[in-house]
Amino acid sequence: MNLEEFIDDFERDEEAQRRRLAAEKSYAITEHLEAVEDRLEATLQGDSLFGSTAPDIFVGRSGYPSVSAGVLSPVDPDTDASRYVTSSDWYERGLSIDSVFQARSGLLNANQPTNVHVADAWNGFTGVRREVAIADRPVDVEVELANQPTVDLSVDSIASPSGPRATADDAQLAENPHVPRAVEKTLSDDDWRATGAMTYLYNRGFDVYEINTILSAGALGQTSQRKLVPTRWSITAVDDTVSQYLRGTIRNASSIDQTEVRYAEFLGNQFWVILTPGRWEFELVEMKAPQSVWNPRGGDYWIGSDHESFEGRTEYVDETAGAYYAARLGVLEALAERDRQATALVLRNVTDAYWGPVGVWLIRETVRDAVSNESATAESFHGAIERIANELPISHDRLQRHSVLTAGRQTTLSAFDR
Amino acid sequence: MFTAIVSSGTLLAALDSVSVLVDECKIRLDEDGATIRAIDPASAGMVDLRLEADAFESYETDGETIGVNLTRLEDIAGMANADDLINLTLEEKTRKLQIQIDGLEYTLALIDPDSIRQEPDLPDLDLPATIAIEGRDIDRAVTAADMVSDHIALGVNDAEEFFYVDAEGDTDDVHFELDRDELISLSAGDAHSLFSLDYLKEMNKAIPKDAEVTVDLGDEFPVNLQFEIAEGNGSVTYVLAPRIQGN
């Protein structure tokens, strides 16, 4: 698997603008950051030793293959560290954008510059980071900080937001981490390709969140190839790998027999999932409101779309980035569960109410929720689109120009044999 | 028993026309020549290839069906210079294909034909419009459409008697029109169907620019594209299912 293909150009100034807009939209965040700063000062009290329970790690991507990679742990040592980890639980708890930002800005990223080629290194800071990543519950650690943390909040379209950062001199485990047996198995097999190991873990009940932390720590794949994977890329890599596996399982499955329409919304994001009889085909169309953090300069709705046919994609998507892979996973999980294939269209409307990017988990979980909802049935795919079009912020004609599936779904030759 | 000598150009043109849809296929060999029929994994595109015995420099068979990995076979054939002759011999006992090109010898392991997807029947289509067009015009239409969109509408205007191509993109459009005089021939009937450019781009690669291509079209119906290869001693027919809006 070539992870470099998941790199995309995210302009620095756009990121900064998004952060500023997000801060403007919620004074709570600014206030919260001040509270985090106070808390950090109180906890550290001039001491460079920071003891906490680390639930997660973070691997940056800037400067790849020399990246900054760190252990994340709550600034407040008395809280339940597991609540800071991105998972489907955040959706089930109905977290607000504010609470996501607060949770993530309360996590200190104690990091070191590292080369991603870690192979079988399990000592020093690299070792601690890897142990935290493969453990199935938060691990007690002691980190020696080289400097005073900088309190900030950075946002990303794929990864969850991240909070204060400090450079770490060293770190030690303060307990023996608990590592699930399936993870030990993938670790000890030095000749298992990363894609196969990811699928194995998924089939053993690990959710993509856990798998991407493990992948990101460089704990999967043939030993000599093992390297740290920037968090942002690992999220998409796992969504993609698991989806390709699931798509394979429904390749010969029979089609669903009528058009099904489902809906769910979360944090100002509306999702429609339309499944219609046919071979596997998938498209995500995203509409982003003008003047929102996602389309700050726009005077009109921004529309982006990506599509794959029965055989899947060979190239990284152009317009919808990690959202595509997260949405497709949700749809494929539902189809694989039913052992059916279908032609699937996901429409996402990002309203102005979605004022701060929380990460791609929002898309994955909302689509997962939508496909598990009761469906409305429609006479035809076209009929379904026409009905939904009334609720969309763009015209049917504009949708059709951006959506391959709306313009026409691929048929099979056998459908025309007399 | 099968042994044949064929020019590398003829063999490659034949293989390329099939490999745009599938990676492996069955080749049926009988006294009239070689035929390949295959359908792509999505069951949307089909190819029917005939290479007559006259297309070969020499050709002998008792009637055989072999299964080949097209990518491999194309790679080997690609080792030949344009006018080199390629010598093919089937090893009965080992079920391998001996390929000789100017001193180079390659033994290709064959695939069990039963393990290859069953050959499709050619669909029985009654298409109302037929045109004959030069390969280079198809190339122009496909190349221009690809700049704006990933699908393309092909149609015939019955009343005004012209063939047209439309592509609608996010912001830009392409329209291309050829009337009776600009076509080789036109037998008009109302037709308009949308097709995936992924397929047409691949098929276009296999169509010689100077070929005369017969195109049969209908309304939200498959398209039939037929042209000759090997100086008239072979033919390729593509059938492609449309993308549709209705049910």
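Modeller: The area buried between chain A and chain B is about 2600 Å², with 45% of that given by carbon and sulfur atoms. Arg401(A), Leu413(A) and Phe416(A) supply 32% of what chain A buries against chain B, more than any other three residues. This is a predicted model, in which local features need pLDDT of at least 70 and side-chain atom pairs pLDDT 80 or more, while totals for chains, interfaces and linings use all residues. Residues are numbered from 1 along each chain as its sequence is written, chains are lettered from A and ligands numbered from 1 in the order in which they are written, and side-chain values use heavy atoms, with hydrogens and water left out.

Biologist: What makes an area "buried"?

Modeller: Buried area is the accessible area, taken with a 1.4 Å probe, that two parts lose on being put together, summed over both.

Biologist: Why is the pair Arg401(A) and Asp173(B) called a salt bridge?

Modeller: The term asks for a side-chain nitrogen of Lys or Arg within 4 Å of a carboxyl oxygen of Asp or Glu. The closest N and O atoms of Arg401(A) and Asp173(B) are 2.9 Å apart, so the pair meets the rule. Across the interface of chain A and chain B the rule finds two salt bridges.

Biologist: How do you know that strand 15 of chain A pairs with strand 19 of chain B?

Modeller: Strands (E, at least two residues) are DSSP runs, numbered from the N terminus, and two of them pair if DSSP finds at least two bridges between them. Strand 15 of chain A and strand 19 (residues 243-244) of chain B have two bridges, in the antiparallel sense, and therefore count as paired. Arg409(A) stands opposite Ile244(B) in strand 19 of chain B.

Definitions and conventions:
Helices (H or I, at least four residues) and strands (E, at least two) are DSSP runs, numbered from the N terminus.
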